[in-house]
Amino acid sequence: MIVADRKPFNEIINMIAPYGRILLIGCNECVTVCAVGGTKEVALLASQIRLKRQGDGVPVEVDEKTLERQCDPEYAQALAPVIADYDAVLSIACGCGVQFIAETYPEKTVLPGVNTRFMGVTEQHGVWSERCQGCGDCVLDRTCGICPVARCAKSIMNGPCGGSHGGLCELKNETPCAWHLIIERLKARGELDRYLDIEKPKDWSASRDAGPRKRVREDIKI
Amino acid sequence: MTATGNLERVLRGGHFAVTAECGPPRGADPESVRKKGNCLKDVVDAVNVTDNQTAVVRMSSLAACVVLKEMGFDTVLQMTVRDRNRIALQSDILGASALGIKNVLCLSGDHQSFGDHRGAKNVYDIDSIQLIDTVRGMRDEGKFLSGEEIKGRPDLFIGCVENPFADPFDIRALRLAKKVKAGAQFVQTQCVFNVEKFVQWMEMVRDLGLHEKAFILAGVTPMKSPAMARYMKGSVPGMDVPDDLIERMSAVSKEKYREEGISICVETIERLRAIKGVAGIHIMAIEWEQAVPEIVSKAGLGTRP
């Protein structure tokens with residue numbers, strides 16, 4: 001899923017300062033699962049904004065709505081009947097959702113209420129961590145199911161670097177060294193001889209480096 | 001093929017090699033490079049020039065190498081894969097060879113979060129092992145990574161680094177094997193303070209026969225003070241400084257810190273020289289290049305071949 005963090009409250013307040021009527025929209029997908037942009041968070045942020053603006057002597061009207069998905073035309077279009085009533089839209093979906101609402105309603109100011117962070121997993125309740133960078137050319141078959149692109153700070157394809165210590169990355173003490181994990185798994189499977197295979201330079205043209213990506217399935221297009 | 005560089009000549013001649021590190025300045029003045037060079041004249045077989053070490057902006061390694069080359073040094077161009085993609089790296093390899101640089105040392109580089117430009121985008125298009133393979137392919141096959149032919153092959157003696165003290169310890173010799181397989185001809189190791197652990201690593205290296213395929217230069221660093229020793233132990237990634245060395249540094253009076261640091265370094269070199277398969281030493285006297293002549297002379301290595 002896509003994991004996001006809410007922007008600092010003051011940043012949001014500064015962003016919406018010029019507006020008197022705001023539509024605050026959440027999304028029922030990833031940002032709901034990572035507890036940053038679902039119905040609950042929409043309600044909480046709306047109250048915080050109203051209270052703050054009331055206290056500052058510049059009251060604001062904030063209406064709340066949570067879409068099934070902000071990144072899908074079917075749901076994004078649901079805002080059409082009401083969007084004209086607002087000065088601005090504040091979206092607490094990921095960057096895809098914010099952009100898709102903005103391109104569906106190009107005349108409207110659409111503002112981001114979260115910082116989109118990464119594609120990751122729920123390690124435990126309240127803990128999410130990165131697993132994939134969408135490089136477009138998966139190597140997990142050769143790395144025991146552990147991604148060095150996303151999980152090594154240097155995306156080293158023939159690791160670990162000289163900073164791996166006690167199973168942890170040299171950067172942050174709590175981050176596991178991806179290559180330490182890979183080697184442990186190779187050993188456990190009795191496949192350490194595979195460690196000597198040199199991984200050739202990666203073709204990053206499948207990644208973001210070749211420009212924005214698009215996928216078209218002619219067979220299912222309507 | 002053009003004439004062999006001095007480092008390669010010394011190593012192939014079976015002599016115990018001595019190299020030293022020179023950190024370029026945080027400015028454009030070539031005089032500070034020459035000043036460091038003057039300390040090393042006739043003392044070492046080649047000088048390594050670091051590449052924006054600890055991710056702090058410094059004069060480019062290639063430029064400082066050229067300054068030192070003009071003074072008569074054989075230089076080792078350190079190249080990290082942190083800041084340049086495969087296009088820039090290959091371009092600099094051609095440029096280095098054109099300027100008469102004879103040695104290249106391929107490494108990952110310290111992550112930018114350790115330096116003073118923490119908001120920088122890192123590159124890591126290829127890794128250090130892939131860089132070794134790239135230089136080898138350019139030199140031996142006359143081909144760029146793209147497969148296109150090179151007109152005028154670069155001629156470089158290819159080096160790598162290895163940290164015998166990083167984890168997982170048991171793959172650290174295997175990792176060197178990968179580098180040698182990729183084309184590394186010499187290796188300069190992380191600073192050795194824990195000689196016992198280095199001995200264990202060398203056993204694994206010899207078991208794999210790597211000492212016969214590549215020249216192994218053990219890294220040493222003289223400590224200036226107990227504070228430096230503690231800092232290296234606690235804050236420098238991949239450094240293994242045993243407590244007894246810190247205690248030894250702390251036991252002497254402040255005026256004797258540097259003398260003690262040099263003594264420890266000289267003793268370490270003597271122990272390293274006795275290890276089968278160690279072909280030389282690499283002295284990394286961090287911002288203390290003046291100490292190198294004394295260390296080399298006290299270690300009995302003052303007469304260079």
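The C-alpha centres of domain 1 and domain 2 of chain A lie 38 Å apart. Domain 1 covers residues 2–118 and domain 2 covers residues 133–198 of chain A, with bounds taken from an automatic or database domain assignment. This is a predicted model, in which local features need pLDDT of at least 70 and side-chain atom pairs count only at pLDDT 80 or more. Residues are numbered from 1 along each chain as its sequence is written, chains are lettered from A, and side-chain values use heavy atoms.

**Aromatic pairs**
- Over all chains, the structure holds three aromatic pairs (ring centres of Phe, Tyr or Trp, the last by its six-membered ring, within 6.5 Å; planes under 30 degrees apart are stacked, over 60 edge-to-face, the rest tilted).
- Phe157(B) and Phe186(B) form a stacked pair, with 5.0 Å centre to centre and 25° between the planes.
- This pair joins strand S5 (residues 157–162) to strand S6 (residues 186–191) of chain B, its members being 29 residues apart (strands are DSSP runs of E, at least two residues, numbered from the N terminus).
- Phe157(B) and Phe215(B) form a tilted pair, at 6.5 Å centre to centre and 55° between the planes.
- Phe157(B), Phe186(B) and Phe215(B) form one aromatic cluster.

**Burial**
- Phe157(B) counts as buried because its relative accessibility is 1% (buried is under 20% relative accessible area, exposed over 50%, partly exposed in between, with a 1.4 Å probe and protein chains only).
- Phe215(B) is partly exposed, at 21%.

**Charges over rings**
- The charged end of Arg273(B) sits over the ring of Phe16(B), 5.0 Å from its centre (NZ of Lys or CZ of Arg within 6 Å of the ring centre and within 35 degrees of the ring normal).
- Arg258(B) lies over the face of Trp288(B), 5.0 Å from the ring centre.

Methods:
Helices (H or I, at least four residues) and strands (E, at least two) are DSSP runs, numbered from the N terminus.
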